[in-house]
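This report covers one residue and its surroundings, followed by the overall fold. The sequence and structure are shown below.

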Amino acid sequence: LRCGVPVRLVSRIFGKGGAESERLTSASGILSLWAELTSNGATLEAFGREQAIAHLETLIAQRHCFRRVTLPAHRVDKVVDKVRLVIARGLCIDSDVEIHINPSQDATHTVDVMGNAESVGRTVAFLEEHAQPRALIPIPQAVVF
């Protein structure tokens with residue numbers, strides 16, 4: 001198996017001191033797991049039987065999901081802070097989720113969300129739901145003469 005992944009995800013897949021990669025290697029039955037960092041991202045290489053590689057792909061998809069969401073720049077900090085508050089309170093989103101804001105010079109920023117597949121799905125849904133106003137309410141302006 002040889003596949004491209006975001007650099008941030010590599011550190012999550014390998015874990016502190018390689019502990020997570022050892023768990024993935026043991027659980028999947030692959031022979032070895034390597035990462036090559038490049039200027040464009042990273043490449044994962046796994047060696048082993050076809051069945052073990054397929055099992056590794058399933059484990060990575062479940063445990064180390066990655067999604068990139070584009071949100072309006074003026075709402076990003078407020079929405080991400082709200083997600084972090086929800087995580088801190090233990091409501092609907094697991095603390096397993098990592099969120100990174102990638103600022104840009106235009107009207108949108110990207111937000112990287114990593115974690116297990118279920119938590120990433122809930123977090124992305126929350127971000128997308130709260131990034132847009134629910135309603136635009138016109139505020140009457142008093143005319144002063």
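## Residue S28

In this predicted model, S28 belongs to helix α2, which spans residues 19-28. The relative accessible area of S28 is 8%, so the residue is classed as buried, the cut-off being under 20%.

A polar atom of the S28 side chain lies 2.7 Å from the backbone oxygen of L24. With neighbours within four places in sequence set aside, the contacts of S28 are A52, H55, L56 and L59.

## Secondary structure and overall shape

The protein has 5 helices and 6 strands. Along the sequence, these elements follow the order β-α-α-β-β-α-β-α-β-β-α. The radius of gyration is 20 Å, whereas the globule rule gives 15 Å for 145 residues; the protein is therefore more spread out than a compact globule.

Taken along the principal axes, the box filled by the C-alpha atoms is roughly 80 × 35 × 25 Å.

## Burial, contacts and surface

Of the 145 residues in the protein, 36% are buried, and S28 is one of the buried residues. Considering contacts between residues at least 6 apart in sequence, 62% join residues at least 24 apart.

The protein has an accessible surface of about 9,200 Å². Carbon and sulfur atoms account for 55% of that surface.

## Charges

The protein carries 16 positive and 16 negative charges. The mean position of the positive charges and that of the negative charges are 6 Å apart.

How values were computed: Residues are numbered from 1 along each chain as its sequence is written. This is a predicted model: local features need pLDDT of at least 70, side-chain atom pairs count only at pLDDT 80 or more; totals for chains, interfaces and linings use all residues. Side-chain values use heavy atoms; hydrogens and water are left out. Helices (H or I, at least four residues) and strands (E, at least two) are DSSP runs, numbered from the N terminus. Buried means under 20% relative accessible area, exposed over 50%, partly exposed in between (1.4 Å probe, protein chains only). A polar contact is a pair of N or O atoms within 3.5 Å; within protein, one must be able to donate a hydrogen and the other to accept it, and residues adjacent in sequence count only if both atoms are side-chain atoms. Contact means heavy atoms within 4.5 Å. The radius of gyration is taken over C-alpha atoms; the globule rule is 2.2 Å times the number of residues to the power 0.38. Accessible areas come from the Shrake-Rupley method with a 1.4 Å probe; for residues, only the protein chains shown count as cover. Lys and Arg count as positive and Asp and Glu as negative; His and the chain ends are not counted. The place of a charge is taken as NZ of Lys, CZ of Arg, CG of Asp or CD of Glu.
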